[in-house]
Amino acid sequence: MANKPPVNPSDYFFTPLESANLMAEYQVRVQREPGITFGVPSIDKVLIPQRSGNVVGHIARPGHGKSSILAYLAIRTAKQIVEQPPAEPQCVVYITLENSVEEMEAMFMAEAPWSNRDYAEGLVPDKDFMARYFWRTKLPIWVIGRSERQAKKVDFSVPNLYAAISAMGTEFDIKPALILLDYIQIVPSQKAAERLEQVSEAIILSKELALTVGAPINVGVQASRGVDKRDDHIPDIADCQWSSALEQVADKLFGWWRPWLTRKRSAMKHTVELAGQSVEVTPNLLVGRLAKQRMADAGNLFYLHFDPAYVKLAEMELSLIGEQAHMKMPTPPVNGKDVENGKIAF
């Protein structure tokens with residue numbers, strides 16, 4: 001106890017005037033800066049824009065879109081930085097602990113007529129690749145992760161991630177506008193021994209990272225297998241694998257589900273019924289639920305057009321099955337050509 005530094009009591013409290021002044025500064029800041037949005041009307045209508053220090057969790061089973069949704073947010077935000085340059089240089093930081101840097105670049109570069117799979121398989125002609133390459137070098141997405149050619153092992157614990165992001169500011173004078181972490185359960189821990197403790201520590205430290213860096217952070221979260229056994233397959237707060245800390249720490253939580261993948265594994269019908277609506281199940285249907293939102297209502301359902309091959313997320317026009325016309329949705333291109341007869345090849 002004798003070695004502890006002296007406590008300054010005034011560091012722990014704010015006077016009424018100090019608190020009010022902080023709120024006044026906050027009001028000016030949020031009116032000037034719109035915050036991070038999805039660009040999807042049904043979501044942005046109910047979602048408070050993401051701001052400095054926010055933690056946003058995206059819970060899904062493997063293959064149901066965590067990485068693609070985070071990549072979509074990265075591309076959208078980076079494009080906004082280019083189109084409307086802020087007063088100080090900003091970037092998006094994508095931390096990939098599951099995919100290699102090369103795999104993420106296939107997602108960032110994907111654009112019709114060439115999908116991320118085309119890039120991954122080396123099918124893109126040199127001329128098209130070079131055009132996209134130069135476009136990518138000007139898109140301010142900085143990637144933290146491992147290259148397929150990187151032999152040296154790197155410790156991606158949260159303190160080291162903070163040091164790497166801080167080095168961006170020191171060496172390149174650039175500040176993150178948004179941080180994306182894919183995904184939280186595989187963030188290594190320097191202290192915790194048990195898996196549950198490791199994930200809880202990573203979640204808590206991610207909040208500290210967002211507050212310290214001064215940017216919102218979106219984290220991918222693996223949902224537990226119990227989701228597959230329910231009639232409602234949209235992951236909820238309790239489905240965060242290994243940890244319940246996310247429930248306390250996160251400012252916003254989304255659960256994501258691609259019914260087509262579940263339909264393939266089971267005897268699911270051609271429609272999915274949620275909140276009294278019967279919606280046609282198609283390969284591009286993504287169903288989301290806002291499970292938590294601090295200082296605002298949650299529970300909203302979203303039916304979206306999701307195209308992971310081109311990292312696209314958009315509003316979907318719906319109709320109630322049996323009452324009106326069937327779902328209206330654009331047919332995704334395959335190598336630049338519409339699929340014949342409206343059928344999608346998989």
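Trainee: What is the angle at which α4 and α6 pack, and what separation do their axes have?

Mentor: α4 and α6 pack at about 95°, and their axes are 10 Å apart. Axes are lines fitted to C-alpha atoms, for helices over the stretch in contact, and angles between N-to-C directions run from 0 to 180 degrees. This is a predicted model, in which local features need pLDDT of at least 70 and side-chain atom pairs count only at pLDDT 80 or more, while totals for chains, interfaces and linings use all residues. Residues are numbered from 1 along each chain as its sequence is written, and side-chain values use heavy atoms, with hydrogens and water left out.

Trainee: Why is α4 called roughly perpendicular to α6?

Mentor: Angles of 65 to 115 degrees count as roughly perpendicular, under 35 as roughly parallel, over 145 as roughly antiparallel and the rest as oblique. The angle is about 95°, so α4 is roughly perpendicular to α6.

Trainee: Which residues make the contact between α4 and α6?

Mentor: Glu105, Phe108 and Met109 of α4 meet Phe129, Arg132, Tyr133, Trp135 and Arg136 of α6, contact being heavy atoms within 4.5 Å. By class, the contact of α4 with α6 has five nonpolar, no polar and three charged residues. Ala, Val, Leu, Ile, Met, Phe, Trp, Tyr, Cys and Pro count as nonpolar, Asp, Glu, Lys and Arg as charged, and the others, Gly among them, as polar.

Trainee: Why is proline 176 called buried?

Mentor: Buried means under 20% relative accessible area, exposed over 50% and partly exposed in between, with a 1.4 Å probe and protein chains only. Proline 176 has 5%, so it is buried. Proline 176 is found in strand β4; strands (E, at least two residues) and helices (H or I, at least four) are DSSP runs, numbered from the N terminus. Leaving aside neighbours within four places in sequence, its contacts include Cys91, Ile165 and Ala215.

Trainee: What makes β4 and β5 a pair?

Mentor: Two strands pair if DSSP finds at least two bridges between them. Strand β4 (residues 175-182) and strand β5 (residues 217-222) have three bridges, in the parallel sense, so they pair. Isoleucine 179 has isoleucine 217 in β5 as its bridge partner.

Trainee: Why is one side of β3 and of β11 left without a neighbour in the sheet?

Mentor: Nine strands form an open sheet in the order β3-β2-β4-β5-β1-β6-β9-β10-β11, with mixed pairing. β3 (141-145) and β11 (312-315) stand at its edges with a single partner strand each, so one side of each has no neighbour in the sheet.
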